[in-house]
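Here are two exercises to work through with the structure in view. Try each task before you read its solution.

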Amino acid sequence: MIGLLNYLVFLIFILILFLILGEALVAKERSMALVISHMTPAMVVSELYDDLVKLNSYMALYNEHMNKGEISLAESYKNLILNLSKELYFDGPTKNQSFDKWLDELHHYLEDLDNDIITFGLHSLGYVLTGDEMVQEVITIVSSKTHIYNYIKNMLYPEYKDIDYNDMKYDQKYHNVTNKTQEWLINFIEQLLMGNITNMTEFFNELGIIDETFMSNLDYCNQTIRNIQDNMEWESILKALSGGEYVLPGLAVDPAYGESLPTGRNIYTTDTTKMPSQAAWGGQVRRL
């Protein structure tokens, strides 16, 4: 159910984005308007709160004691989980469902809630993200365009290199692995923001990172920070109002889905890096 809910929220977000773009395109096509792009609100991970955090910790402790064979302690946490889940109006196990199977489904539900992406307030024209907003936005952009979490996980836990990070997120036994992976990326971006990492090549050498794609992903974090900070919104508006200065063009798309940073540019809508698609282009070549 939560998967369907997330999908519907995503569709609504995309619909709103296209409606906004549609309004901008009408202005451009009918009146030759100059439309300047602006940053989207910071997108952050929703995370769990209050009793949901407590329930999640009970579940982790239940599994920990079961794995250690400490059945009496596991039973205690089982009762705590059943009581708290009832207070939170979660349906309990059905007649034909084991407790562990039900717990696994509940864990998936909580993971979806914990990792859902939500907007953090509204964007003010010319405002440059800072602090946790910047960290979370960079993570949203980079993780949606790369497989950076997989590379970090493989570096920290090489024994799990054959398991995809996205599969691990929904398996309770890997809870510590995914948490440490996320914490590493957060800390890395924070260090970039504080200026503690000034030479990326030295940083890669210190950690023994040799995979070029992984290095490129980490560089992309740094590049994304700079692009967000190079906000040109007010500068471009003042140029446009002066009537005699050139406003740089830029793609009109959410930064998590296309290269639209830095913002404050005269928008266009055709992403030449994706149109025509490889499949369409291949089809044309075959027909020729």
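**Exercise 1. Find how many cavities of 30 Å³ or more the whole structure has, and say what lines the largest cavity.**

Step 1. A search of the whole structure turns up one cavity of 30 Å³ or more. On a 1 Å grid over the protein atoms alone, a cavity is a set of points where a 1.4 Å probe fits but cannot get out, and lining residues have an atom within 4 Å of a point. This is a predicted model, where local features need pLDDT of at least 70 and side-chain atom pairs count only at pLDDT 80 or more, while totals for chains, interfaces and linings use all residues. Residues are numbered from 1 along each chain as its sequence is written, and side-chain values use heavy atoms, with hydrogens and water left out.

Step 2. The volume of the largest cavity is about 40 Å³, meaning the space filled by probe spheres set on the points, with grid points joined across faces, edges and corners.

Step 3. α4 (99-115) and α8 (175-193) each give at least two of the lining residues; helices are DSSP runs (H or I, at least four residues), numbered from the N terminus. The largest share, four residues, belongs to α8.

**Exercise 2. Sort the lining of the largest cavity by class.**

Step 1. Asp, Glu, Lys and Arg count as charged, Ala, Val, Leu, Ile, Met, Phe, Trp, Tyr, Cys and Pro as nonpolar, and the others, Gly among them, as polar.

Step 2. That gives five polar, three charged and no nonpolar residues.

Note on methods:
1 Å grid on protein atoms, 1.4 Å probe; cavity = no way out; pocket = protein on both sides within 12 Å on 5 of 7 lines; lining within 4 Å.
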